[in-house]
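Please keep the sequence and the structure in view while reading.

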Amino acid sequence: MADDPPRPLVEEAFDRLLGTLDQPMLVVTARRGDERSGCLVGFAGQVSIRPARFLVCLSVQNRTYRVARHVDHLAVHFVPESSADLARLFGGHTGDDVDKFACCTWHDGPHGLPILDACDNRFVGTVVERLPLGDHVGFLLEPDHVHHGADGHQLDLHRAKRIDPGHPA
Ligand SMILES: Cc1cc2nc3c(=O)[nH]c(=O)nc-3n(C[C@H](O)[C@H](O)[C@H](O)COP(=O)(O)O)c2cc1C
């Protein structure tokens, strides 16, 4: 029987394979007291129909993770195709260096969470579980406030790939 290929080669091939998949880009925001945080997220998706459950994964390097790990609610925004600038702001800069909320329009939403005005499709969810998954932690959300605005195209990974993450994963 042939030996398994070396791990780094498998991981490189796996990265290339996954790079062919497209996925919608989201911005997840969190608030703890006066501190607001948010970052661009691609590792996310629905994981149960009934009960409704959605998993968002935050890198332990990110400021947003450091805020989110203490709170019970998160807001998940679907980024419209026309809002690549918002994706660049939330994905290409870290709240450790930049006040992202001074650079976009937003308002207070449920549980005082910052809601991004550019994202008409979004929900707020209660964190029902935190799951260590590797270099990311999964936040399992039960949706409790849903805002479904106009249907339209979402920004996808192929367009967001050119953004250099504010924090290395
Ligand atoms: C295409 C793309 C996808 C990303 N996906 C995720 C993700 O799924 N989870 C995550 O925590 N960070 C992800 N990031 C990285 C963060 O958005 C980025 O490091 C951000 O600057 C962190 O901001 P913060 O430190 O203010 O939280 C992604 C970045 C890009 C460009």
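A residue is called buried if 20 or more other C-beta atoms lie within 10 Å of its own, exposed if 12 or fewer do, and partly exposed in between. By that rule, buried residues make up 30% of the 169 residues in the chain. The model is a predicted one.

## Overall make-up

The chain holds four helices and nine strands. Read from the N terminus, these elements follow one another as α-β-β-β-β-α-β-α-β-β-β-β-α. The chain is as compact as a globular protein of 169 residues, because its radius of gyration is 16 Å, close to the 15 Å that the globule rule gives for that length.

Along its principal axes, the C-alpha trace spans about 60 × 35 × 35 Å. Among contacts with a separation of 6 or more, 67% are between residues 24 or more positions apart.

## The sheet

Seven strands form an open sheet in the order β2-β1-β5-β8-β9-β4-β3, and the pairing is antiparallel. At its edges are β2 (35–41) and β3 (44–48), each of which pairs on one side only. Neighbouring strands of this sheet are turned by 35° against each other on average, direction ignored. In general, strands of a sheet pair through backbone hydrogen bonds, either parallel or antiparallel.

## Pairings of β8

How many bridges link β5 and β8? Strand β5 (residues 73–78) pairs with strand β8 (residues 121–132) over five bridges, in the antiparallel sense. Within this pairing, Ala-75 has Val-124 of β8 as its bridge partner, and Val-76 has Phe-123 of β8.

Strand β8 is also joined to strand β9 (residues 136–148), by eleven bridges, and the two run antiparallel. Here Leu-131 stands opposite Gly-138 in β9. Together β8 and β9 form a hairpin with three residues between them. In the turn, Gly-134 has a positive phi of about 130°.

Helix α3 (residues 84–92) lies across β1 (26–32) and β2, and runs at about 110° to β2. Which residues of α3 are buried? They are Leu-86, Ala-87, Leu-89, Phe-90 and Gly-91. An α-helix has 3.6 residues a turn, so residues three or four places apart point the same way. The cover over the buried residues of α3 includes β1, β2, β7 (114–116) and α4.

Val-98 is found in the loop between α3 and β6 (106–108). Val-98 counts as partly exposed because it has 13 C-beta neighbours inside 10 Å. Val-98 and Gly-166 are 68 residues apart in sequence, while their C-alpha atoms are 9.9 Å apart in space.

Methods:
Residues numbered from 1 in each chain as written. Predicted model: local features only at pLDDT ≥ 70, side-chain atom pairs only at ≥ 80, totals over all residues. Pairing = 2+ DSSP bridges. Axes fitted to C-alpha atoms, helices over the stretch in contact; angles between N-to-C directions. Contact = placed C-beta atoms within 7 Å. Rg over C-alpha atoms; globule rule 2.2 N^0.38 Å.
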